[in-house]
Amino acid sequence: MRLVGVSHPIQDARGKATGRARYAADMSLPHMTHVAMVFSTIPHGYVTAVDGSEALAVEGVYGVFHCFNTPEYCFNRYRSQYSQTLPLEEPVFAKRVRFVGDRVAAVAARDMETARRAAALVKVTYEELPCALTFEEALEGVNCLEGEEAVKDEFTVEVGEPPRADGLVEVTACTELGRLHHAAMEPHVCVADYDSDLDELTLYSPNQSVHGVRTVVADMLEMPYNRVRVVKTTMGGSFGSKQEWTVEPVAAAVARRLRRPVKLVYDRAEVMRSIVCRGPMRAEMTMRFHKDGLLASVELELLSDAGAYIANSADYARTLVGKMFRCYRIPYGRAHIRLVSSNTPVSGSFRGWSSPEVALMLEHGMEKAARALDMDPVQLRLKNVLLPGDTDPKSGVPIEEIRTRECLLRGAERFRWAERRREDAAFNASNDRFRRGTAVACAGHGNTYYPRYNDFASAEMRMCEDGSVQVEVSIHDHGCGTGAAFQMIVAEALELPLDKVRLKEADTAHTPFDFGCYASRGIFVVGRAAQLCARSLREEILKAAAHKLETTPDRLYFEGPAVRSEDDPAVSLSYQEVAWYSLGTLCRELTAQAKHTVDSNPGVTGTHFAQVEVDTWTGLTRVLDYLAVHDVGQSINPEMCAAQIQGAAQMGCGAALREEIEISPKGQGTCSLSKYHLMNAADLPLIQVELIQDGRSQDGPYGAKSVGEVSFAPAAPAAAAAVNQALGSDLGRIPMTPDRILEYIAKEGC
Amino acid sequence: MKLDFFVNDEAVSLETEPQRRLLDLLREDLGLTGTKEGCSEGECGACTVLLDGKAVHSCLTLAAQLQGRHVTTIEGLEKNGELDILQRCFVEEIAIQCGFCTTGMIMSAKALLLQNPNPTPKEIRTALSGNICRCSGYVQIVNAVSRAASEMGGGV
Ligand code: FES
Ligand code: FES
């Protein structure tokens with residue numbers, strides 16, 4: 001292949017390097033107003049009054065909007081498909097506030113600084129209600145009003161036949177996960193433009209599903225879908241945080257009310273406080289093994305906290321059960337799940353959509369099992385990983401080619417597994433302050449949400465008069481170069497140079513319907529549609545060329561960007577000549593349309609190795625070395641794959657060792673990066689990556705599988721296990737902060 | 001206050017409040033939106049610009065501190081349509097994903113190379129430790145800065 005599999009800078013790298021790439025916060029429209037929000041300062045209660053008079057007195061303030069002067073617009077932030085029947089649980093402006101950070105009011109003013117100054121002057125009076133901030137309080141239902149249940153959802157899933165208990169080795173791993181902040185560097189933002197003459201609303205935002213936003217906003221405002229246009233803007237990272245709609249409904253409601261464009265930009269504190277987090281989970285996982293290390297059963301007891309609104313949490317928990325079966329052969333699996341709702345930030349989509357969470361639980365169990373069985377952790381995994389030809393027992397879908405085994409073997413060799421573990425032991429024996437541990441973790445994921453829901457994607461293409469190609473697909477680049485990957489896929493199929501293929505991102509006014517770029521379906525599903533579409537454009541080119549040459553398409557072939565003939569070596573028609581002929585003589589534009597309906601979802605996994613050093617005096621941890629080996633199928637843009645995987649390692653090490661939104665006794669969550677510690681360049685070693693590319697998918701373009709989400713799944717488990725290996729501990733409370741490590745050492749020694 | 005200072009070598013005169021942030025002057029008043037706001041409190045580095053050749057957080061720098069001084073933003077690096085070596089190396093080394101950290105990262109790297117034209121990878125990592133990139137593991141960023149340094153031949 002000419003382009004696929006060769007590293008390229010992403011499509012907008014130059015604009016991002018010069019600062020010219022336009023993010024939504026950089027936009028400015030004529031007559032635009034700026035909106036700043038007022039958030040609840042209490043965790044639970046009723047808003048009894050909003051006094052905006054002081055704010056309104058500030059010069060340049062156009063309005064203060066809240067539940068007492070605005071129609072009761074309600075929506076469900078998680079809705080992304082028209083057919084989802086989810087409760088409209090969340091109002092644009094809350095009357096009953098459910099967490100510190102719930103939206104109470106919005107102030108519109110001539111510029112952002114004025115809007116923010118005025119927002120600080122809005123006085124809100126509350127009648128407080130009892131609040132639940134912990135699992136215990138939520139389970140007791142202390143925040144429930146009459147008729148409300150403490151447990152919002154409860155279900156059990158069973159897959160396979162329970163094993164006979166005798167002779168099995170049983171381990172139980174207790175894992176508790178804290179709240180995570182996505183920390184996409186670009187804060188949430190929406191620019192809404194309302195044309196009152198046409199009754200048309202245009203929303204510009206970095207979101208993962210333009211059609212999802214349209215569904216929610218159009219229904220909320222009772223507008224026809226074709227009057228609501230949603231344009232996906234350059235996205236400064238998402239990691240799931242821009243998969244749910246929080247700013248778009250607000251900006252839309254205010255723009256329509258004011259009949260002018262508005263810009264709503266959150267700052268970091270507001271994003272952390274109000275937008276979305278990955279909520280806490282408490283898990284007890286019981287795993288049974290045969291004496292030889294073969295897994296017999298996995299049983300999960302899980303308590304999950306949705307936070308203030310249910311949003312995606314019921315679905316997230318169901319997905320988690322499915323993800324349990326994507327890495328190891330599990331003859332019997334059972335999960336009992338309960339969901340509660342506390343008065344804390346709302347839990348939502350997070351990179352990996354429960355694969356990372358269930359991996360933390362499973363890998364914690366695997367570590368304990370390796371100790372209980374006295375087996376090497378790599379060997380134990382080798383015995384149990386899914387193999388080519390296996391079937392996902394939960395979904396019934398074939399795993400196809402899978403290379404976890406190879407990842408383990410290759411990684412163990414490259415990371416000098418056995419030797420390094422011996423070196424760690426020697427280091428630990430000769431040192432009374434620092435302890436080192438080396439660990440491995442595997443995890444699996446998917447490439448689409450099929451077969452949980454039907455999945456399909458469409459693409460359209462047209463060839464311009466000069467032989468260049470314009471592509472219409474609804475892609476939502478999160479910043480990892482989906483645009484470049486699509487250009488490569490299409491240019492490869494059409495044998496064109498990369499710059500002859502152009503595509504813009506999702507825009508409901510122009511690009512075909514699509515569910516959105518989440519569930520790792522971007523390349524695997526939408527990319528496949530683009531590849532198929534390019535193939536049918538090839539046919540169209542051949543048909544037109546055959547007409548011109550008075551032959552049949554099967555006598556023609558492509559070579560470079562030209563059509564050649566089997567019968568006459570002198571024939572070489574450029575795409576431009578074919579396009580002209582088609583337009584001028586056949587009176588037909590060279591266009592193609594394709595649809596790809598998904599009926600597969602192969603196994604895709606990663607195996608990470610981490611070496612971590614723990615300072616037993618301070619509890620501080622340092623990642624000394626890291627290797628990620630991934631089964632990616634054919635990688636489209638290898639260096640970008642590697643960069644994404646390294647980003648996942650950065651995020652996973654942070655999640656395992658330090659990142660946590662903590663909730664104060666008054667319900668205030670951590671809302672500053674000075675207290676939420678992200679990994680910087682000096683904190684990390686050179687993260688090594690190896691791609692294993694021969695486990696190709698049947699249906700992904702050129703055999704590609706997903707990478708962005710799955711790469712995050714094994715990262716935190718590897719770093720966490722390395723700490724436990726270093727200390728000989730069984731810490732299950734994630735993140736393993738210095739305080740928790742010191743507390744453990746004080747209790748158990750090391 | 002009346003503020004006279006230089007932005008990317010051009011004299012700029014503004015009537016403004018002394019406590020306004022340099023970040024807002026750049027983005028709102030001058031339309032220089034290449035400088036980004038990621039945290040508003042000096043923690044992420046997305047807003048980094050040069051003030052008299054030194055990297056500063058424009059979210060923490062106030063108008064009152066700017067009289068007569070020289071500010072360089074990302075928009076000031078490209079000369080006659082040609083990218084600065086650092087910008088080009090960031091593109092070519094695939095050091096750019098979502099790009100939200102990129103302009104601040106490049107400005108911090110610029111300040112580093114002005115002071116230390118031949119940094120080791122470790123020195124690069126330390127110099128960039130105030131710039132958060134959530135998308136990557138910093139590997140390509142460090143490579144880009146190393147390569148820019150060597151292409152500049154140790155001189156900026
Ligand atoms: S915005 Fe200035 S350091 Fe983050
Ligand atoms: S490229 Fe996204 S934060 Fe660095």
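**View 1. Helices α2 and α3 of chain B pack together.** In chain B, helix α2 (residues 85-92) packs on helix α3 (residues 102-115) at an angle of about 130°, and their axes are 10 Å apart. That angle makes α2(B) oblique to α3(B); oblique is what remains once angles under 35 degrees (roughly parallel), over 145 (roughly antiparallel) and 65 to 115 (roughly perpendicular) are taken out. Axes here are lines fitted to C-alpha atoms, for helices over the stretch in contact, with angles from 0 to 180 degrees between N-to-C directions. Helices (H or I, at least four residues) and strands (E, at least two) are DSSP runs, numbered from the N terminus. This is a predicted model, where local features need pLDDT of at least 70 and side-chain atom pairs count only at pLDDT 80 or more, while totals for chains, interfaces and linings use all residues. Residues are numbered from 1 along each chain as its sequence is written, chains are lettered from A and ligands numbered from 1 in the order written, and side-chain values use heavy atoms, leaving out hydrogens and water.

**View 2. Who touches whom between α2(B) and α3(B).** From α2(B), L86(B), Q87(B) and F90(B) meet T102(B), M105(B), I106(B), A109(B), K110(B) and L113(B) of α3(B) (contact means heavy atoms within 4.5 Å). Sorted by type, the residues of this contact are 6 nonpolar, 2 polar and 1 charged. Ala, Val, Leu, Ile, Met, Phe, Trp, Tyr, Cys and Pro count as nonpolar, Asp, Glu, Lys and Arg as charged, and the others, Gly among them, as polar.

**View 3. Chain B against chain A.** Chain B puts 42 residues into the contact and chain A puts in 55. About 3800 Å² is buried between the two, with 57% of it from carbon and sulfur atoms (buried area is the accessible area, 1.4 Å probe, that two parts lose on being put together, summed over both). On the chain B side, I94(B), Q97(B) and R134(B) lose the most area to chain A, together 21% of what that side buries.

**View 4. Salt bridges between the chains.** Chains B and A share 6 salt bridges (a side-chain nitrogen of Lys or Arg within 4 Å of a carboxyl oxygen of Asp or Glu). One pairs D26(A) with R27(B), with 2.7 Å between the closest N and O atoms. E113(A) and R20(B) also meet in a salt bridge, at 2.6 Å from N to O. E113(A) sits in helix α3 (residues 112-119) of chain A and R20(B) in the loop between β2 (10-15) and α1 (22-29) of chain B, so this pair joins two chains.
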